[in-house]
Amino acid sequence: MPPLICPLRLRPLAPPCSPILFPVPPPRFRRSLPASCSSGKNEATHGIDKERRSGAAILWFKHDLRTDDHPGLLAASEHGIVVPLYVFDRRILSRFSDEMVELIVLAVEDLRKSLEEQGSNLMIRFGDAECVIKGLVKEVKATRIIAELELEYRMSCLVDTVKETLAGDPLLDWSPDVVLWQTSSFDMKNVEDLLQSYDDLRRKLPESYGSPISPPLLPGFIEEFNWGHLPPMSYVKEFKNDTLNNLKESWVSIKDNSADFVIQKEHIDSIQPSTFSLSEGCGQIQNQIQGKRLKDSSIGTSEGNNNMVAGGTNAVLNALDGYLKVMERSSGDDRKEVHRRLEKTETQRGASFSALFGAALQIGIISRRRVFYEAMKYEKEQNAGFIFPFRGATANVTSAFETICSMEWYCLLGKKSQSSSEGSYPTRLWRWNGYLIQYTVVGYEGPAVLLVHGFGAFMEHYRNNFSSIANGGNQVWGITLLGFGRSEKPNIIYTELMWAELLRDFIVDVVGEPVHLIGNSFGGYLVAIVGALWPALAKSIILMNTAGFIIPEYSSLLFSKERDVSGAAWFGARILLQFLRLSLKTTVRSCYPTRTERADDWLIEEMLRAVSCQLYLIGLFTLWIDKNALHLA
């Protein structure tokens, strides 16, 4: 099999390989506190030799923008010199929306303040991470680079690029280690035996997660360094969007407008084609609230998301406390603001936690373990030490618990997939809107072909087709849609337009070129929507046993990214889910009347595993049942 190749976007964006310093004089620095060694289990540096610890360590922050519960920080504290580093790298920033970039800048600002409290500082640089780190290694004679383990394929490639850059430098006469840390509830060496279902994780998580790690004091910093200055928000956004390849600007701009916007614009153009302005009508059509971030509040961003908890770790923890204690009288503007946001974000049972805190978890302002610990602590306080299975918990405590369990489950599945050698195709992960999406690619040249599975299926349904299509001179991509298989199943409202936007972003961000779209059943319906709304993405469309309403003159304006979930649909979804669990083997084999061997034990086990996360699949199956949903028969 050909070697795995990193996407072009991970190559350096601009020669020469040198960091960019923001042109503002560095701030004055105070003397650091004396070094202190922290006790406890070190999750990142088990077995590190004394000689390595005596050298300098670079602590590379990426999506772990905190000092609380940070195993890498604890590992770095054992070194004589520690240089905490954050690099504004376009390849990392390009994966986020402008409002998420705003959240990152706020978190980096808070991270620097927190590190100063621990006796250190935060070095801030702009440029390619591998170039910045290589220069810094030489400057401080670093023997170790400490960073968080990455699940997402492109970020994992970036870490590998750092390793290769250091190893390939002939002027570097020593070999610094790159040590990757992780905060996991289970021993990853035994993950194959430990967990067989989501229910297993829910049972074992309370006893295995442990307590969060307190921030250690650090051994100080070198005042002579140019530590850099945090630039204005506008500069960071301009830096992120300033791509060198302007030829692709129109291609990337396909993502700028939602599916709802494209549909309604076409409808308005058909009625009044000469009076509609794209720029003037955008806000009216999308009906978005573009209010500014509340003054002195951790809720909302200036980019328009007024429900996202923003700021540093303490601000997020304060909002979390108000969220968990929603039934109590809370003082403080932020807590009251969280209470006011609950009604808007609770679009279905338990959905508010992800809406409010999902972004902060994604970039590591707060750890999953800290959220779980705070929920457990509050539950014990309210229920005389009873903590599981949260029978006496408020709905918000349950929502936080289930969200963290789900995130842990799909992280474990992702790590298991990456470490597995099964199959003739690689399994990769891509993060879309904060959620892990499973995909694969077979073949490295020729036209791009994207295979999209049907309802209740996943990319492995094409497992016997990837290689044969690739052998015909094609680059074959397969994806598991959000809510299916080993892709995450967040507690959100699922709609056809949401999945269409997922496919659009996958083609633009991951594939990087127009594709031949092939969809089976429900997947055929989705690729038809993609081809209709964004024709520049599709070279051709092949529909197999297509589901959905494909009727001439059918009004696409009935589609919506918002869908009310009726009580009947919620109850019906539970019945359907239980029926599928009991009859799955028979049902799947009936889909292969002439080749029943295709519905083998492996396929059945994977489908059963996929439906084990019941809470979030309830929301998925309401789409199938609700009277406003698609007719999939």
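Two strands count as paired if DSSP finds at least two bridges between them. Helices (H or I, at least four residues) and strands (E, at least two) are DSSP runs, numbered from the N terminus. The model is a predicted one, in which local features need pLDDT of at least 70 and side-chain atom pairs count only at pLDDT 80 or more, while totals for chains, interfaces and linings use all residues. Residues are numbered from 1 along each chain as its sequence is written, and side-chain values use heavy atoms, with hydrogens and water left out.

**View 1. Strands S1 and S4 within a five-stranded open sheet.** Strand S1 (residues 56–61) and strand S4 (residues 142–148) are joined in the parallel sense over five bridges. Ala-57 has Arg-144 in S4 as its bridge partner. The open sheet has the strand order S3-S2-S1-S4-S5, with parallel pairing. Strand S3 (123–126) and strand S5 (177–181) are the edge strands, each pairing on one side only. On average, neighbouring strands of this sheet are turned by 30° against each other, direction ignored.

View 2. Contact means heavy atoms within 4.5 Å. Axes are lines fitted to C-alpha atoms, for helices over the stretch in contact, and angles run from 0 to 180 degrees between N-to-C directions. Helix H4 (residues 98–117) packs on the sheet and touches S1, strand S2 (81–88) and S3. The direction of H4 makes about 170° with that of S2. Helix H6 (residues 153–167) lies across S1, S4 and S5 and runs at about 160° to S5.

**View 3. Strands S10 and S11.** Strand S10 (residues 515–520) pairs with strand S11 (residues 538–544) in the parallel sense, over six bridges. Asn-520 stands opposite Met-544 in S11.

**View 4. The packing of helices H13 and H16.** Helix H13 (residues 313–324) packs with helix H16 (residues 368–382) at an angle of about 40°, and their axes are 11 Å apart. From H13, the contact is made by Leu-317, Leu-320 and Leu-324; from H16, by Arg-370, Val-371, Glu-374, Ala-375 and Tyr-378.

**View 5. An aromatic pair, Tyr-439 and Trp-477.** Rings of Phe, Tyr and Trp (its six-membered ring) pair if their centres lie within 6.5 Å; planes under 30 degrees apart count as stacked, over 60 as edge-to-face and the rest as tilted. The structure holds 19 aromatic pairs. The ring centres of Tyr-439 and Trp-477 are 6.1 Å apart and the planes are at 25°, so this pair is stacked. Tyr-439 lies in strand S7 (residues 435–442) and Trp-477 in strand S9 (residues 475–479), so the pair ties together parts that are 38 residues apart in sequence.
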